[in-house]
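Trainee: I have not worked with this model before. Could we go through part of chain B together?

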Amino acid sequence: MALDRLTGENSLLFIRSEQLFDLARTNSLWYISFGIACCAIEGLMSASGPRFDFDRSGVFFRNSPRQADVMIVAGTVNVKMADTVRRLYEQMPEPRWVVAMGACASTGGPFREYPNVVMGVDKVIPVDVYIPGCPPRPESVQYAFIELRKKIRAKTEERLAARRERD
Amino acid sequence: MSDARDDIVTVGLLAEGMHDPGVPPAGIRRAPTGVDDLATEHLIVNMGPQHPSTHGVLRMLVELDGEEVKNAEVTLGYLHRGIEKLAEHRRFDALGTLMDRGDYVSGIMGETAVALAVEQLMEIEVPRRARWIRVMMAELNRIATHLLWYGTMGLDTGAMGPFLYAMRDRESLLDILEAVSGARMMFNYVRPGGVVADLPVSIEAKIREFCDAFDTYVDEHDAILAGNEIFQARLDGIGVIDAEMALAFGLTGPNLRASGVDFDLRKRRPYDAYDEMIFDVPLGVTGDAMDRFSVRMEEMRQSSRIIRQCIEGMPEGGYTAKVPKVLKPPAGEVYASVESARGEVGIHLVTDGGTSPYRMHYHGPSLYALQALEDLMPGYLLADGCIMIGSADIMLGEVDR
């Protein structure tokens, strides 16, 4: 969607409301600042730092789950923490997405042999994008957000295609 | 502290001598009271584990009277992932990977502690060059750690700018660490016997460039926060830990030195090549949050000084001693400790002659700083409590282990 070509004088934009919402959503994916462990330094702090500057692509941190769209699970989730992760997820307004950052959040990582560690946060909440690495570089997190955008848009397009077929 | 109360007098709440809140103890700022005739209740607020100023997953139950903290209780265990237990199933050269993830911002120091313990057990003589590389990497890492603390300290006091400046410098530092070790955070660079690889060519120029830039930047950092009147007012006299209390709680590192106790393992029990380095140990006077701030800022300058000495006089030679592929230390017990960015990181190894330790204890300094917070916070405002958490520089990965 090249909006800049459409914004002239007397220009009209015909767009389905779902696609319009998607446009807004995909360009302002605010994540909840909830760093659990090591990955938080890379995925939340370096990411909002000047070099990677996620802010320029509309990805910015919010301190309250009620204002957030995305949850980056950055770190090892253990049994005690799992309840909190679940509660925070439920406090987020829909539509909401989850990025499992790093080996720990994806599978338990180097700590998976320890019984207290949950083997991947997908045992607790649904996950949309997994990022491998221990810890992943901020560039990987950027890539994850690109993939997440594709995923958000694909859902609407699927729905529209199904509707076209039905009609 | 008097301003707020003066305001109340002028609006007449205290005008007729109905109530005298009394003079608060020196150094303690109270929320203005004067409505004690009303029936009030203490409010218990749950702070964390998701809270922007708890630096990770710290959870505190805070009992509040208005805005004044009456009681604070720390709940731990939200990041407990069994580093000590898992170490019993790791080979000795792989213990560093776990230590990296313990105190995840200053990985080199943790790795060094494990490597020193294994070397002491096996009586390995580390080449001089390897010891110098370790010192240089540790000091680079110390600056990176302190920069992150500096940035979050700014965030805790409501300043976003310093964080961005700190991250700018931290990124150029991470570039150097990455060029040497191959990773931005989890280095796994220091191994028993030395380091895993020699310094890459022309890294000296890069490091010198960084030091030159950083020496001016650090004054800038200092001026941005410490030169700010609001910042001073928020830190002065907050969270005073005197020397006696600091020792009683077992604090180490900058938190202890801010209280005026001259204890730095790099000087007291020199490991690696610290006995060859010339540097000063900054000390605080009163032990309040401002002192802890100043001590860390000065430590960054001293680290830069050590790094310069390292690149000037880096000795030639091998980067690792001859060690067997599978390390098998004899049965025994050893305690090795290093001065990490947060204090004394100690490793107590018990071995039974196998390829992995029988028991490893990881002594992290943050746990002790956290225990002191419970005693410090009552009597202060809740916002001051956040300053205390920030100035104590707690790393939850190290607390829960």
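Mentor: A residue is called buried under 20% relative accessible area, exposed over 50% and partly exposed in between, with a 1.4 Å probe and protein chains only. Strands (E, at least two residues) and helices (H or I, at least four) are DSSP runs, numbered from the N terminus. The model is predicted, so local features need pLDDT of at least 70, side-chain atom pairs count only at pLDDT 80 or more, and totals for chains, interfaces and linings use all residues. Residues are numbered from 1 along each chain as its sequence is written, and chains are lettered from A in the order in which they are written.

Trainee: How many residues of strand S7 of chain B are buried?

Mentor: Six of the eight residues in S7(B), which spans residues 344-351, are buried.

Trainee: Which strands pair with S7(B)?

Mentor: Strands pair if DSSP finds at least two bridges between them. S6(B), residues 332-339, pairs with S7(B) in the antiparallel sense over eight bridges. S8(B), residues 359-363, also pairs with S7(B) in the antiparallel sense, over five bridges.

Trainee: Which residue is the bridge partner of Tyr335(B)?

Mentor: That partner is His348(B) in S7(B).

Trainee: What lies between S6(B) and S7(B) in the hairpin?

Mentor: Four residues lie between the strands, and Gly343(B) in this hairpin has a positive phi near 145°.

Trainee: Turning to helix H4(B), how many of its residues are buried?

Mentor: In H4(B), 14 of 16 residues are buried. Glu123(B) follows the helix with a positive phi near 55°.

Methods: Side-chain values use heavy atoms; hydrogens and water are left out.
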